[in-house]
Amino acid sequence: MSGIKKFLYGTLIGVVNVMLGAGGGMLTVPFYKKIGLNQKLAQINAVATILPISVISAFIYLYNGNVKISEAYIYLIPGIIGSIIGTFLIKKISNNVLSIVFSLFMIWAGMRLLFR
């Protein structure tokens, strides 16, 4: 994949991440798989890619007064706990199972958005 394509994919990931609230991860995983990473490494690298994008977006939203910490805080601590648990769980799950779970989650998320 050319550097220009990677740049365009990265830009798309950033735009989608901001517009869909971290939905860029659902694009990032397939892009990493396209360049040869297995499911597990694609998901791990997607988190590392999305984190700085999300942090920058959050700071811009906070600066512009679009986010209230009191509203976001209720998910922050449980989310951190969940991320720690997930870090240990991902090591124990095979690439095939992880791929199926990821695919089912994408289908579930899409169906919820379509029919809400």
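Okay, let's start with contacts: in this protein, if you take contacts between residues at least 6 apart in sequence, 52% join residues at least 24 apart. Keep in mind that this is a predicted model.

So what is it built from? Five helices and zero strands, and reading from the N terminus on, that gives you α-α-α-α-α. The C-alpha atoms fill a box of roughly 40 × 35 × 30 Å along the principal axes. There are 116 residues, and 18% of them count as buried.

Now, one helix pair. Two packed helices are described by the angle between their axes and the distance between those axes. Take α2, residues 24-34, and α5, residues 95-114: their axes come within 12 Å and cross at roughly 145°. The crossing of α2 past α5 is left-handed. Which residues meet there? On the α2 side you've got Gly25, Met26, Val29 and Lys33, and they meet Ser99, Phe102, Phe105, Met106 and Ala109 in α5. Sort the residues of that contact and you get six nonpolar, two polar and one charged.

Which element gives the largest share of the lining? That's α1, with four residues. By type, the lining of this pocket splits into six nonpolar, three polar and one charged.

Key:
Residues are numbered from 1 along each chain as its sequence is written. This is a predicted model: local features need pLDDT of at least 70, side-chain atom pairs count only at pLDDT 80 or more; totals for chains, interfaces and linings use all residues. Side-chain values use heavy atoms; hydrogens and water are left out. Axes are lines fitted to C-alpha atoms, for helices over the stretch in contact, and angles run from 0 to 180 degrees between N-to-C directions. Helices (H or I, at least four residues) and strands (E, at least two) are DSSP runs, numbered from the N terminus. A crossing is left-handed if the near helix is turned anticlockwise from the far one by less than a right angle, and right-handed if clockwise. Contact means heavy atoms within 4.5 Å. Ala, Val, Leu, Ile, Met, Phe, Trp, Tyr, Cys and Pro count as nonpolar, Asp, Glu, Lys and Arg as charged, and the others, Gly among them, as polar. Buried means under 20% relative accessible area, exposed over 50%, partly exposed in between (1.4 Å probe, protein chains only).
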